[in-house]
Amino acid sequence: MTGGDDLEACTPEPGSFAVDARDGRIGRVLGRVGPYVRLRPPGGGPVWDCPADSARPAPPSAVLRARVTEINRAGQLPR
């Protein structure tokens with residue numbers, strides 16, 4: 001059992017962070033499309049669909065790490 005399995009399913013608000021309980025990935029909620037929650041990894045990357053019943057609220061420690069990742073990514077200079 002992973003840590004995400006201990007959290008209850010939720011309907012996350014756009015802009016918040018959620019955990020995909022299927023594999024433990026954390027993502028910023030972009031919204032819902034049908035029965036799925038659309039998530040984007042912190043700092044960018046490919047969007048993925050998570051079944052709404054597998055979305056869990058991200059714990060505060062995961063939210064902090066995700067926000068730091070986003071801030072660090074935003075502060076990188078172009079290469």
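In what order do the elements of the chain run from the N terminus on? They go β-β-β-β-β-α, and the model you're looking at is a predicted one.

**View 1. The whole chain, with one helix and five strands.** Of the 79 residues here, 34% are buried. If you take contacts between residues at least 6 apart in sequence, 43% of them link residues at least 24 apart.

**View 2. The largest nonpolar core, a set of eight residues.** Its members are Ala 18, Val 29, Val 37, Leu 39, Trp 48, Cys 50, Ala 52 and Ala 55. Strand E3 (36–40) and strand E4 (48–51) are the elements that each supply two or more of them. In soluble globular proteins, nonpolar side chains do tend to get buried together.

**View 3. Leu 39 and the residues it touches.**

**View 4. Another core, lying apart from the largest one.** This one has six residues, including Phe 17, Val 19, Ala 62 and Ala 66.

**View 5. Arg 25 over the face of Trp 48.** What's the distance from Arg 25 to the ring centre of Trp 48? It's 4.0 Å. Trp 48 also belongs to the largest nonpolar core. As for aromatic pairs, the count is zero, taking ring centres within 6.5 Å as the cut-off.

Technical notes. Residues numbered from 1 in each chain as written. Predicted model: local features only at pLDDT ≥ 70, side-chain atom pairs only at ≥ 80, totals over all residues. Heavy atoms only, no water. Helix = DSSP H or I, 4+ residues; strand = E, 2+ residues; numbered from the N terminus. Buried < 20%, exposed > 50% of the residue type's maximum accessible area, 1.4 Å probe, protein only. Contact = heavy atoms within 4.5 Å. Core = buried A, V, L, I, M, F, W, Y, C linked by side-chain atoms within 4.5 Å. Phe/Tyr/Trp six-rings, centres within 6.5 Å; stacked < 30°, edge-to-face > 60°. Lys NZ or Arg CZ within 6 Å of the ring centre and 35° of its normal. Lists of a residue's contacts leave out its neighbours within four places in sequence.
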